[in-house]
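Notebook open, structure loaded. I'm jotting down what I looked up, roughly in the order I went.

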Amino acid sequence: MTADTGPAPEPGASVLVAGAGPVGLTAALVLARAGVAVTVLEAGTSLAAESRASTFHPPTLEMLAELGVVDGLLARGLVARTFQYRDRHSGPVAELDLALLRADTPYPYRVQCEQSKLTPLLLRALTGLPHTRVAFGARVRGVRQDGHGVTAELADGRTVRGGHLLAADGAHSAVRQALGVAFAGMTYPERFLVASLDEDLTAHLPDLAPIAYVLDPDEWLVLLRTPDHWRVLLPTAEGVPDDVELARLPDRLARLRTDAGAGASAPWRVAHASLYRVHQRVAAAFRYGRVLLCGDAAHVNNPLGGMGMNSGIHDAVLLGTALAAVVHGEPGAEAALDRAAADRRACALTYVGAQAHRNWERLRARDPRLRAEVVADLRATAADPARARRALLRSSMIASLRPVSRPADRPTRGETVADPDLDPVQHDDRELIRRHNPARSTDLVGTVPVAGPDEVGRAVTAAGAAARAWAAEPVERRASALRHAARVLEERAPAAAVLLARESGKPLADCEGEIAFSAVVLRWYADAAAPLLADRHTDDARGRLTVRRRPYGPVAALTPWNAPVILTVLKLAPALVAGNALLVKPSPLAPLAVDALLRAVASCFPPGLLHTLHGHEETAAALVGHRGVYKVAFTGGERAARAVGALAAAALTPTTMELGGNDPAVLLDDADLGDEAMDRLVTAALATAGQVCMAVKRLYVPRSAHDRCVAALTAAADRVVRLGDPLRPGVTVGPVITAGSAERLAALTADAVRRGARAVPLGEVCPDTDLAAGHFVRPLLLTGVAEDAPVVREEQFGPLLPVLAYDGEDEVVARANAGELGLGASVWSADEDRAFALARRLDAGFCFVNTHNRTGMSLRAPFGGVKRSGHGREYGPEGLEEYVQPCVVHAPAAFRAGGGGMAPGAYPVPG
């Protein structure tokens, strides 16, 4: 290897690496050890000496050991075997010992050491390896690529050519910007001030661990010990000039002494201090042809938990290893590199960003009740070794790299858990449901264990005991638990949304919206519960009457795959706030996000109150038919509904059923065909690739306006329909759920065309989308369709929209009401009274006006179907009433003190 300060080209290099920080040099070392020629291009004239990241987690130490540099790091660093959470005024709250991970890793500790002490070790390790070069003063300012390689354009005008380029050039990556890669995310409201102190903080805080997260509603902070300094991280308000903040640093630091009960003394000795803004952002993709992004060039997050540099090193090792296989021409290596890049991006979204953001939320909690819950949770975790180990698996990042089922397991590196922000599932030896990504059908997203009949029975028994105690709690206590669950849901939302997109194929923005709305539903029922559940008392001349609302007890909820989170929460919120227990059986087609979120929110409720039971028909039958279940709530299709209804009837268990719909949308002759209305209509038909019970399934338009409507709809689709991978920014339509669904929709389309229909493609396919890799169905407008065609008569449940011409209102009402389903419908007209009048004639449980699907929903409006589309209601007060039974205590006036009595066997007096 050679190292120099000149940016001379290296045309023969197989891989260029932009950046000689810890991530870039790690990638270079991985590639060089695999026999790949490497040129590292570093903008600086030497290795950076700034004090930046300083925490190394166990899996990072394992990787550095494989690269031969961990011993040098250990010699220069400080081993931290514990870390603690503290209250700023009362002291330690909880302390976690990483020795609990000794069966999971050979390095059951953190190492505190500035990253500037690692980079010389990595650079030295490159010495002697053939065909490697580090060029200092070689700032990359642009990049071009073609089918044969990549050209890096340097700031001095020179160029360097290689087969691939791995960009590790930091958060302001010139490579990422040159490629035009979106870097979406958020900026935190505070800046972070980091001060390095030439002080021994343990002299003032003798019970201080080497790493301490200090909770305080007014000024939280983090204390980190390194070999040379104690580092203090403080949040700093926006809008205050840097010099003002740095000037008041001594006063802020002085509070550390007063917090510890010490008096005033000499000012702290500050070695250096800096202020910086904190962002949480992830690149739209980590691979662009021959260019890979990793480290801060690909993702940035807040520093709480010390995950940013570690995750970047993991990127470097995993992507570097996969890239080496591509360079060597190994079979399947290109696809493996694609998967590795996608998995690292998913990890950045679902693990690193979510965990770091959760740490921030925990430290800054201001609500006294929430702070008490955080402290109680931390103490309970520290007190329980099994729970503490699970927490440590997350905070140490072990769970981000491999599934963890038993301490003895040491799976291969590079596998990503479904939701590492939550406890790993103990799968044991049970049958597993394996869920693959419908956008990339070879991509295994995750697994859940199947619950057998015995497990179902145990869960029902536990739910019965928990329900009795829960029903006795005041409604205000139950409502408070729902609000806590809403906060937990919001904390887990970033990770869960990505997981939901991967397992269901729904665009990420839709998944984020679904989870956010679920939190709204929890709060709505928490606020509405007290007046709706209050006893009703009457005491008048006719007697004394009390009507109370009694919960059922254990309730079974069977939920579908198309909107699994919200359709679970629409049962969970009213059921639990009413005083019931809930046993949820998610669909095996989308079990992962629901499982992760339910396990998270279960901690908000007493043990045994909320259960998740995965499985197929046998699990559902065991649950619905159990004599200890007193209510069944089901959302799904007709075939499953008949089976559920039969089992429930055999046990005399009441049901609520929200089933399918073949929703008509009727455009009257004065309907608005403008862009906004048509965009809304197209989205109402094609959201979730048309796989929504209340999506527009049939569109009736006046014959005289047929061609104008088709043109307006096609133009709207050009604006709002983008078919592609659901994790890709800008995608609005993803794949359908299974290959069978795609085949069924293809058959419906072919049948319609054989009958004389014309299929009009809608929208566009995002560039570089491999439609053959997943279950993609191109959205279509079908014109000239026969009324008796299956695509009209049946619920298509896909991105197909038949447009049907009509001649008069009586005719269109008759055609819209044909069939056995009656879930939703819509009427579009400039005359609202006319629309309402026609809506009354439609056989639909919910009729929208000038909109359709979710934009027309309201939490105050009950939702459900008529005819064969189900019975019972969700949303609104009626949604809560589904989970209680009115019970009466009555003393007729005739038999109260002073009453005149009644003849035996007499009927009640009217009134």
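This is a predicted model: local features need pLDDT of at least 70, side-chain atom pairs count only at pLDDT 80 or more; totals for chains, interfaces and linings use all residues.

**Strand pairing**

I began with strand E25 (residues 543-551), which pairs with E43 in the antiparallel sense over nine bridges. Pairing here needs at least two bridges found by DSSP between the two strands. Helices (H or I, at least four residues) and strands (E, at least two) are DSSP runs, numbered from the N terminus. Inside this pairing, I found Val547 opposite Val888 of E43.

Residues are numbered from 1 along each chain as its sequence is written, and side-chain values use heavy atoms, with hydrogens and water left out.

I then looked up the sheet itself: three strands, open, in the order E24-E25-E43, with antiparallel pairing. Strand E24 (536-540) and strand E43 (884-892) are the edges, each pairing on one side only. From one strand to the next the twist averages 15°; the axes behind it are lines fitted to C-alpha atoms (for helices, over the stretch in contact), with angles from 0 to 180 degrees between N-to-C directions.

**Strand E32**

Next I checked strand E31 (residues 664-667), which runs parallel to E32 and is joined to it by three bridges. Val666 has Tyr700 in E32 as its bridge partner. How many residues of strand E32 are buried? Five of the five in 698-702 are, so the strand is largely enclosed by the rest of the structure. My cut-offs: buried is under 20% relative accessible area, exposed over 50%, partly exposed in between (1.4 Å probe, protein chains only).

In a regular strand, side chains alternate between the two faces of the sheet. In E32, Arg698, Tyr700 and Pro702 point one way, Leu699 and Val701 the other, and all are buried.

**Cavities**

Rolling a probe the size of a water molecule over the atoms shows where empty space is left. I got four cavities of 30 Å³ or more. A cavity is a set of points on a 1 Å grid over the protein atoms alone where a 1.4 Å probe fits but cannot get out, and lining residues have an atom within 4 Å of a point. Grid points are joined across faces, edges and corners, and the volume is the space filled by probe spheres set on the points.

The largest cavity holds about 90 Å³ of space. Which helices each supply at least two residues of its lining? Helix H14 (475-504), helix H16 (564-577) and helix H17 (592-601) do, and H17 gives the largest share, five residues. I noted Leu489, Thr568 and Leu597 among the lining residues. The lining of the largest cavity splits into 11 nonpolar, one polar and no charged. In this count Ala, Val, Leu, Ile, Met, Phe, Trp, Tyr, Cys and Pro are nonpolar, Asp, Glu, Lys and Arg charged, and the others, Gly among them, polar.

The second largest cavity has about 50 Å³ of space. Of its 15 lining residues, Pro664, Ala816, Leu821, Gly824 and Asp843 are the closest to its centre. Strand E38 (821-822) and strand E39 (824-828) are the elements that give two or more residues to this lining. The lining of the second largest cavity divides into seven nonpolar, five polar and three charged.

**Aromatic rings**

My search of the whole structure gave 11 aromatic pairs. Rings of Phe, Tyr and Trp (its six-membered ring) pair if their centres lie within 6.5 Å; planes under 30 degrees apart are stacked, over 60 edge-to-face, the rest tilted. Tyr107 and Tyr109 are edge-to-face, at 6.2 Å centre to centre and 85° between the planes. Tyr107 is buried at 15% relative accessible area, and Tyr109 is buried at 10%.

Phe192 and Trp220 have ring centres 5.6 Å apart and planes at 75°, so this pair is edge-to-face. Phe192 sits in strand E14 (residues 183-197) and Trp220 in the loop between strand E15 (211-215) and strand E16 (221-225), so the pair ties together parts 28 residues apart in sequence. Both Phe192 and Trp220 are buried. I also logged one aromatic cluster, formed by Phe846, Phe848, Phe863 and Tyr875.

Technical notes: On a 1 Å grid over the protein atoms alone, a cavity is a set of points where a 1.4 Å probe fits but cannot get out, and a pocket is an open set with protein on both sides within 12 Å along at least five of seven lines; lining residues have an atom within 4 Å of a point.
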